[in-house]
Amino acid sequence: KATVSVLYCHLPFSTIGENSTNEKRMPLQIRNLAIVVIAAVVPFLSSTHGDFVLDDDRAVRDNPDVSWEAPIKTVFENDFWGTPIWSNASHKSWRPATVLSFKLTDWLMGKWPPAYHISNIALHAFACVLFLYFCQRHLSIYLSQFGQLSATIIFAVHPAHVENVASIVGRADVLCFIFMYLSIHYYIEGRHVGFLLCYALSFMSKELGILTPIMCLGYHLVVRYKLIRLLFKDTNRENNPFPIMKSVFLVILTVLVLMGSRAIRGHRSSPKMSYVDNPIMLDPVASPLVKMVYYMYVHSWYFITLVFPYFSCSDWGYNVFPGSAANNWFGPLCAIAVTYSVVVVVPLLLLKNASSYETREFALICLCLLVVPFLPASGLIPVGTVLAERLLYIPSVGFALAIGKVFEILLSRTPRFIAPMTLTTVAAVLSVRTWNRSSDWNTPEQLFLSTIKSCPASAKAQFSLGVVYMQRDDPKSAEPYFANSLQIHPSYAESLVAMGRIERDYKNNLDKSIDYFQRALVSEKANPEAHEHLGISLSMAGDPEKGVKLLERALQINKNLRLPPTGEIYGNYGTALGMAKRYKDSAAAYSTALTRPGSLSQRCSWRRNFIIILKTIPDADQHALLRELREMATSCGQFVQKAELAGYVKAASELEAKLR
């Protein structure tokens, strides 16, 4: 309690009145802090026992950069997913600050999922406290104490933020928000070192942070320079000089950081996108006008998500978004008209007709805080998705402030108990929705089942749920979802490869598997998995030479993408070479496979084949054979029969005696 009291002597949170003492303010300040923290924490508690879900596997669990033992420099050399930033296969998302936060969590708690979820909730709570502090410190002339608290509560409990908090990779947006608003705060306070440091951390958390100086410039022009009063020729306006030097500095700083960002990301600085993820951007048929209308419709869905956050979906890719497949334009055009009327026309009317300059300035501030951070999601900048709720985390500040103003007006024009009761009811409804939606992110199966329920036309969700079942070695449950995915998107390469593997590995239907792999190659000519599995299927079907060429092509594609080949591709390469009776090359391929990542069952399979190949080669390295026999006997007992295991033990003993 003493610590909180000391803290609040320095943080000017909500006050009772102009002449109130610190002693009178303190209980109210603590109450506001408690309300905000509870609102930010409780609705997301249902996600604390969740697992690694969706992108969490690749970005956290399987990312070698996150491991505490990995050198720090790799965090700056690789992208968010652990791929070298210069690689052609890189997503080009350079977020070292976020990866370092994962690294810190790994050092403290290891790869324990609840630790990452609890950390996300704590960061969200801090972001909400920072939001309230920012309002009190810099927006108090526009928004009353109750309006500030209302805006913060709406921001804290809004269901649109579930993906940012319940999904571990959503931490990038939360960290970017924290450092962005700390940077703006330090800029306003004139603390330039703090501004530059937090600015650097903001765009190192997520690329959106690059726009921070533009938001600082907007605040400076509206609040300090009183641009609105100048435009309306207010005679009482202070004659402040136009901030030419600061404007030039902020614009140049943004341009330099953008150029540096492009240099870090290499010659292809935009993210690698697939048609399944962003069919509007990559549609080869749609004209620029049609694409523009589609994106305006996307904007209306973002607006609907803020105003009525009932409909949630973890994938808005191919065939999910109604605009990308709709033939009836009446609904989309109506949605566009309503959205732009509220977001653009209403603020413009306020700017023109409001009774006070403070109201006009506040409307422009809300519009700036909503629109500027929304620009990357608007379609003006290429991104890897059509629509994603996580992209609303930072822009929703402008929306929350506007709602806070509505509650302030409600408090002043109705009986005193109406506004608090309304706020409590709205917050409770939103919290229940947030709690339920957070629980959907507990397991991959829950998430994809929820997505398919709300977005049955999602080809990617159908495919992803099939992958979940395949990871459990349950092809019977997985196959219908892969089939559904292909029914939605017949040329979906990943689903075609998955179906081909089921036909080959579980049904022994080589002809059908070859057909699936060939269709995948027609859809995506540079797909290494399709080359790899078509090669192994052709080898099994009696054409190992052609199979070897396809596998070598898969290795070359990985090399061109600057991706290290997996152990699986080398294992399959060794199998194809063995079928082609190129035993020494096969042994080399299996030896390489055993040095690459792979599951224990895969490694035991490669080791078994490696032993067979070594026994076939007359002048094979007997010490290598002995090493593999021992490894097989000690680590693969759960994957082989007892008689076979005893055979490895006996063979190892005999070979060891012979080598003596």
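Tutor: The account below turns to the disulfide and then to other cysteines. The model is predicted, so that local features need pLDDT of at least 70 and side-chain atom pairs count only at pLDDT 80 or more, while totals for chains, interfaces and linings use all residues. Residues are numbered from 1 along each chain as its sequence is written, and side-chain values use heavy atoms, with hydrogens and water left out.

A search of the whole structure finds one disulfide, a term that denotes a pair of cysteine sulfur atoms within 2.5 Å. The partners are Cys604 and Cys636, with their sulfur atoms 2.0 Å apart. The link of Cys604 and Cys636 is left-handed, with -90° about the S-S bond. This pair joins distant parts of the chain, 32 residues apart: Cys604 belongs to helix 28 (residues 600–616), and Cys636 to the loop between helix 29 (622–635) and helix 30 (642–659). Helices here are DSSP runs (H or I, at least four residues), numbered from the N terminus.

Cys604 is buried, at a relative accessible area of 2%, and Cys636 is buried as well, at 0%. Buried means under 20% relative accessible area, exposed over 50%, and partly exposed in between (1.4 Å probe, protein chains only).

Cys176 also counts as buried, at 0% relative accessibility. Cys366 is in no disulfide, and the nearest cysteine sulfur, that of Cys135, is 9.3 Å away. Cys366 too counts as buried, its relative accessibility being 8%.

Technical notes
Helix = DSSP H or I, 4+ residues; strand = E, 2+ residues; numbered from the N terminus.
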